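Please look at the sequence and the three-dimensional structure shown here.

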Amino acid sequence: MWTSGFFNSVNGDRAYNAQQMSSIFEGLITDGVYASVGNKMVVRPNSGMTIQIASGRGWFAKHWVNNDSEYLVTLEASDVTLNRYAAVCVRVDESESVRNAAVYVKYSEFATTPVKPTMTRTEAVKEYCLAYVYIKAGVSAITAADIEDTRGNNNLCGWVTGL
(Lines give C-alpha, C1' and ligand atoms only; values in the text may rest on other atoms or scores of the structure.)
Protein backbone atom coordinates (compact mmCIF):
# COMPACT_ATOMS: atom_id res chain seq x y z
CA MET A 1 0.00 0.00 0.00
CA TRP A 2 1.24 3.47 -0.86
CA THR A 3 1.17 5.99 2.01
CA SER A 4 2.38 9.55 2.41
CA GLY A 5 2.41 12.28 5.00
CA PHE A 6 2.40 14.55 6.81
CA PHE A 7 -0.32 16.95 5.74
CA ASN A 8 -2.38 19.40 7.75
CA SER A 9 -5.76 18.10 8.79
CA VAL A 10 -8.88 19.79 7.46
CA ASN A 11 -11.92 18.95 9.55
CA GLY A 12 -10.18 15.88 10.97
CA ASP A 13 -9.46 14.18 7.63
CA ARG A 14 -5.80 13.47 8.51
CA ALA A 15 -4.91 11.26 11.46
CA TYR A 16 -1.46 9.73 11.99
CA ASN A 17 -0.56 7.04 14.49
CA ALA A 18 2.65 6.33 16.42
CA GLN A 19 3.76 3.66 13.95
CA GLN A 20 3.54 6.11 11.06
CA MET A 21 5.38 8.80 13.03
CA SER A 22 8.18 6.40 13.97
CA SER A 23 8.49 4.78 10.56
CA ILE A 24 10.02 7.93 9.05
CA PHE A 25 13.25 7.03 10.91
CA GLU A 26 13.43 3.50 9.50
CA GLY A 27 16.66 3.10 7.56
CA LEU A 28 18.02 6.35 8.99
CA ILE A 29 18.95 5.26 12.51
CA THR A 30 19.60 1.86 14.03
CA ASP A 31 18.33 0.38 17.28
CA GLY A 32 20.40 0.83 20.42
CA VAL A 33 21.70 3.34 22.94
CA TYR A 34 22.83 6.83 21.97
CA ALA A 35 26.58 6.97 22.66
CA SER A 36 26.56 10.75 23.11
CA VAL A 37 23.62 11.30 25.47
CA GLY A 38 23.98 11.35 29.25
CA ASN A 39 25.98 8.50 30.73
CA LYS A 40 24.97 6.13 27.92
CA MET A 41 22.67 3.92 30.04
CA VAL A 42 25.65 2.05 31.48
CA VAL A 43 24.76 -0.55 34.14
CA ARG A 44 26.74 -0.29 37.39
CA PRO A 45 26.55 -1.79 40.87
CA ASN A 46 24.79 0.32 43.50
CA SER A 47 24.58 -1.39 46.89
CA GLY A 48 23.73 -4.92 47.87
CA MET A 49 21.71 -6.58 45.12
CA THR A 50 20.74 -3.22 43.63
CA ILE A 51 22.20 -2.03 40.33
CA GLN A 52 21.74 1.29 38.57
CA ILE A 53 21.18 2.21 34.95
CA ALA A 54 22.82 5.55 34.21
CA SER A 55 21.14 8.38 32.36
CA GLY A 56 20.84 8.18 28.60
CA ARG A 57 18.56 7.72 25.64
CA GLY A 58 17.86 4.93 23.21
CA TRP A 59 15.91 3.98 20.12
CA PHE A 60 14.44 0.48 20.19
CA ALA A 61 12.05 -1.09 17.67
CA LYS A 62 10.93 2.35 16.43
CA HIS A 63 10.34 3.65 19.97
CA TRP A 64 12.39 6.13 21.98
CA VAL A 65 13.36 5.81 25.63
CA ASN A 66 14.81 8.50 27.85
CA ASN A 67 16.34 8.04 31.29
CA ASP A 68 17.24 11.40 32.82
CA SER A 69 18.58 10.11 36.15
CA GLU A 70 20.01 6.98 37.78
CA TYR A 71 17.42 4.21 37.54
CA LEU A 72 17.69 1.68 40.37
CA VAL A 73 16.85 -2.00 39.92
CA THR A 74 16.95 -4.54 42.75
CA LEU A 75 17.86 -8.03 41.55
CA GLU A 76 16.48 -11.22 43.05
CA ALA A 77 18.51 -12.74 45.88
CA SER A 78 21.23 -15.23 45.04
CA ASP A 79 20.79 -18.93 45.59
CA VAL A 80 22.71 -20.67 48.38
CA THR A 81 24.50 -23.15 46.10
CA LEU A 82 23.82 -22.32 42.44
CA ASN A 83 24.69 -19.42 40.12
CA ARG A 84 22.58 -17.56 37.58
CA TYR A 85 22.58 -14.64 35.16
CA ALA A 86 20.33 -11.61 35.05
CA ALA A 87 19.95 -9.84 31.71
CA VAL A 88 19.19 -6.15 32.27
CA CYS A 89 17.03 -5.25 29.29
CA VAL A 90 14.96 -2.61 27.61
CA ARG A 91 11.82 -4.54 26.72
CA VAL A 92 9.59 -3.11 24.01
CA ASP A 93 6.11 -4.64 24.21
CA GLU A 94 3.78 -3.50 21.44
CA SER A 95 0.89 -5.72 22.50
CA GLU A 96 -2.30 -3.72 22.82
CA SER A 97 -2.57 -4.31 26.58
CA VAL A 98 0.97 -3.03 27.28
CA ARG A 99 2.34 -0.62 24.59
CA ASN A 100 5.47 0.33 26.51
CA ALA A 101 9.26 0.27 26.50
CA ALA A 102 10.52 -0.44 30.01
CA VAL A 103 13.42 -1.85 32.02
CA TYR A 104 13.06 -5.59 32.41
CA VAL A 105 15.27 -8.15 34.14
CA LYS A 106 15.33 -11.60 32.57
CA TYR A 107 16.85 -14.38 34.70
CA SER A 108 18.52 -17.60 33.67
CA GLU A 109 17.88 -20.87 35.45
CA PHE A 110 19.95 -21.57 38.56
CA ALA A 111 22.88 -23.84 37.67
CA THR A 112 26.48 -24.65 38.47
CA THR A 113 27.33 -23.22 35.04
CA PRO A 114 24.35 -21.05 34.05
CA VAL A 115 23.51 -20.07 30.48
CA LYS A 116 22.86 -16.40 29.70
CA PRO A 117 19.24 -15.61 28.85
CA THR A 118 18.46 -15.05 25.18
CA MET A 119 16.58 -12.00 23.99
CA THR A 120 12.99 -12.32 22.85
CA ARG A 121 12.44 -10.93 19.35
CA THR A 122 8.85 -11.51 18.27
CA GLU A 123 6.49 -9.26 16.36
CA ALA A 124 5.03 -7.89 19.61
CA VAL A 125 7.98 -8.12 22.04
CA LYS A 126 11.61 -7.16 21.48
CA GLU A 127 14.26 -7.20 24.21
CA TYR A 128 17.58 -5.35 24.11
CA CYS A 129 20.20 -6.35 26.68
CA LEU A 130 22.17 -3.51 28.26
CA ALA A 131 24.22 -5.87 30.45
CA TYR A 132 24.46 -9.36 31.85
CA VAL A 133 24.92 -9.60 35.61
CA TYR A 134 26.48 -12.77 37.00
CA ILE A 135 24.84 -13.62 40.32
CA LYS A 136 27.19 -15.98 42.14
CA ALA A 137 25.87 -18.41 44.71
CA GLY A 138 25.66 -17.02 48.21
CA VAL A 139 26.47 -13.38 47.39
CA SER A 140 24.68 -10.45 48.98
CA ALA A 141 26.13 -7.73 46.74
CA ILE A 142 26.85 -7.15 43.06
CA THR A 143 30.29 -5.82 42.09
CA ALA A 144 31.54 -4.20 38.88
CA ALA A 145 33.33 -7.46 38.01
CA ASP A 146 29.94 -9.23 37.93
CA ILE A 147 28.59 -6.94 35.18
CA GLU A 148 29.21 -7.59 31.47
CA ASP A 149 28.40 -4.54 29.34
CA THR A 150 26.54 -5.62 26.18
CA ARG A 151 25.55 -2.23 24.78
CA GLY A 152 28.16 -2.49 22.02
CA ASN A 153 26.93 -5.91 20.86
CA ASN A 154 24.58 -5.33 17.91
CA ASN A 155 22.98 -8.76 18.39
CA LEU A 156 21.97 -7.88 21.95
CA CYS A 157 21.61 -4.08 22.01
CA GLY A 158 23.95 -1.89 19.96
CA TRP A 159 24.74 1.78 19.63
CA VAL A 160 22.45 4.06 17.64
CA THR A 161 24.04 4.88 14.31
CA GLY A 162 22.58 7.05 11.61
CA LEU A 163 23.03 9.98 9.38
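Predicted model: local features only at pLDDT ≥ 70, side-chain atom pairs only at ≥ 80, totals over all residues.

Residues are numbered from 1 along each chain as its sequence is written, and side-chain values use heavy atoms, with hydrogens and water left out.

The protein chain contains one helix and 10 strands; helices (H or I, at least four residues) and strands (E, at least two) are DSSP runs, numbered from the N terminus. Read from the N terminus, the order of elements is α-β-β-β-β-β-β-β-β-β-β. Along the principal axes, the C-alpha atoms of the protein chain fill a box of roughly 65 × 30 × 25 Å. Of the 163 residues in the protein chain, 35% are buried, a term for under 20% relative accessible area (1.4 Å probe, protein chains only).

Consider now the open sheet, which three strands form in the order β2-β3-β6 with antiparallel pairing. Two strands pair if DSSP finds at least two bridges between them. Which strands stand at the edges of this sheet? They are β2 (43-47) and β6 (71-74); each has a single partner strand, so one side of each is left without a neighbour in the sheet. From one strand to the next, the twist averages 35°, where axes are lines fitted to C-alpha atoms and angles run from 0 to 180 degrees between N-to-C directions.

Strand β3 (residues 50-53) pairs with β6 in the antiparallel sense over four bridges. Thr50 has Thr74 in β6 as its bridge partner.

Definitions and conventions: Buried < 20%, exposed > 50% of the residue type's maximum accessible area, 1.4 Å probe, protein only.
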